[in-house]
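Look over the structure first, then read on.

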Amino acid sequence: MSLLKEKAIISDYEFKSGQPLIGRVRTMWNNVAARWYVRWQFDQQIDFNLLAAQQIADQYEQLVAQDREIMALTRTVAELERQMKQLKHSAEN
Amino acid sequence: MLKLAYFSPLPPERTGIARYSWEFLPFLAKSAEITLFHPAPQTITDAPYPIQHIDDYSPNRWEYDLPIYHMGNSRFHRDIYEMLKQHPGVVVLHDVVLHHFMAMEQYGRELGYAVDVPLGMDIRIRQDERDLNRFDLNRRVLDLALGVIVHSQYAADRIAQSHPELPVALVPMPILAVAQRETPAEHPLTFGCLGEVTPAKQIDLALRVFGRFHAQHPESRFHVVGDSAEFDLTPVLHSLPPATRANVYLHGYAATQAAFEAQIDALDVVINLRYPTVGETSAAALRALAHGKPVIVFDHGTYQALPDSVAIKVPPMDQPALLAAMQQAADGLPAYRNAARTFIETHHRPQKSAELYLTFLQQLFDS
């Protein structure tokens, strides 16, 4: 779950280039053209991702709890079947 | 007499548990009525007991007092596990750690069930091989079981930690005694590994150490007896000096029990390493002892219980210690041979194991 929550937080891309100044120029242009607009969408996406991750975890926990209950009930049924067979044996002998 | 529904891999399935059941059933059947249930009964020839399709158990289960499910890590346990989930019964747990098996099943569901949910999700996402042995993933099997039969104190203790209320019987693994055969007076000292070649058996490590041993004892040999489809030994073989490589023999899976026994007979010392261990009791090691062959094992898990008179224990993955153990085994062969046979005949008699099985099953049924 910690990994899912970690992956839910997406991060900004930092431009890099082997050529001097190219990466910095692209970052500057990005600051003018896109950063503040995209940041708003970014934050919305992170909020959604965290919510979805939490919902998945909650549902997973519910499924596991149900699974454990079903197994406990299945064992109880098996135990009752054994007792019935044992009673039948006793009655026959 | 108890009527038992018996679920186990059976020959010709290539797993030690199939052979185990085949050899043990005649002893169990002396005092119990056995019906075998199998997903492909038409493939089991010469079954000495009634055999039915595994799906027939559900509608006919009232005819049987108890179902017995053999659980281990191979794919041959898939249908058995499905039936255990529907109709819980007594489990013979051959491996304490079932993570490898569960990784083949509905892995996410099994992880969620067995460990806590956030951790289960992390393991699923990371897919880290090391986790396969860190987490037992036997919780569902033990939660369902009406009782458990194990073959080692180690396994019994591990179960008692997680399921203290669960009835557990410690039954020595049944091993057929082997008639003593004449060992040729003059023959090259022969080491060997038995059973399916897997990474955990560390046969590559054993071969590397054998390379060093062989440099001092050029007459010595090494035989690998078992299917190597899962793990390729070619790279390690190519890393050995040509003279050593010429004395390493890969035999593949022994198709018949007689062939397997003959291949054990050809060995002097069996190297039976497991790292990591899944809490298994090694039938291969015990069979080797029945043939009067000392075994070299890693000093952990169930192997710690083997007496020093029959087994040389070395710290896991310690190559110098393994080399010294090979020399120690070679130096003390006659004494080890006698002690090994006596140990199996005293502690692993199938008749005694059958009695312990049936006493436990009767107690469970009557409780």
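## Terms and basis

Axes are lines fitted to C-alpha atoms, for helices over the stretch in contact, and angles run from 0 to 180 degrees between N-to-C directions. Contact means heavy atoms within 4.5 Å. Helices (H or I, at least four residues) and strands (E, at least two) are DSSP runs, numbered from the N terminus. Two strands pair if DSSP finds at least two bridges between them.

This is a predicted model, in which local features need pLDDT of at least 70 and side-chain atom pairs count only at pLDDT 80 or more, while totals for chains, interfaces and linings use all residues. Residues are numbered from 1 along each chain as its sequence is written, chains are lettered from A and ligands numbered from 1 in the order in which they are written, and side-chain values use heavy atoms, without hydrogens and water.

## The seven-strand sheet of chain B

Chain B has an open sheet of 7 strands, ordered β3-β2-β1-β4-β5-β6-β7, with parallel pairing. Its edge strands are β3 (51-53) and β7 (168-170) of chain B, each pairing on one side only. The twist averages 25° from one strand to the next.

Strand β6 (residues 147-150) of chain B runs parallel to β7(B), and 3 bridges join them. Ile149(B) has Ala169(B) as its bridge partner in β7(B). Helix α9 (residues 153-162) of chain B lies across β5 (90-93), β6 and β7 of chain B, at about 150° to β6(B).

## The six-strand sheet of chain B

Another open sheet has 6 strands in the order β10-β9-β8-β11-β12-β13 (chain B), and the pairing is parallel. At its edges are β10 (248-252) and β13 (311-314) of chain B.

Strand β12 (residues 295-298) of chain B is joined to β13(B) by 4 bridges. Phe298(B) has Val314(B) as its bridge partner. Helix α14 (residues 283-290) of chain B lies across β8 (190-194), β11 (269-271) and β12 of chain B, at about 155° to β12(B).

## Where the chains meet

Chain A brings 22 residues to the contact, and chain B brings 33 residues. Together they bury about 2,500 Å², 60% of it on carbon and sulfur atoms. Buried area is the accessible area (1.4 Å probe) that two parts lose on being put together, summed over both.

The rule finds 3 salt bridges across the interface of chain A and chain B. A salt bridge is a side-chain nitrogen of Lys or Arg within 4 Å of a carboxyl oxygen of Asp or Glu. The side chains of Arg109(B) and Asp67(A) form a salt bridge (2.8 Å, N to O).
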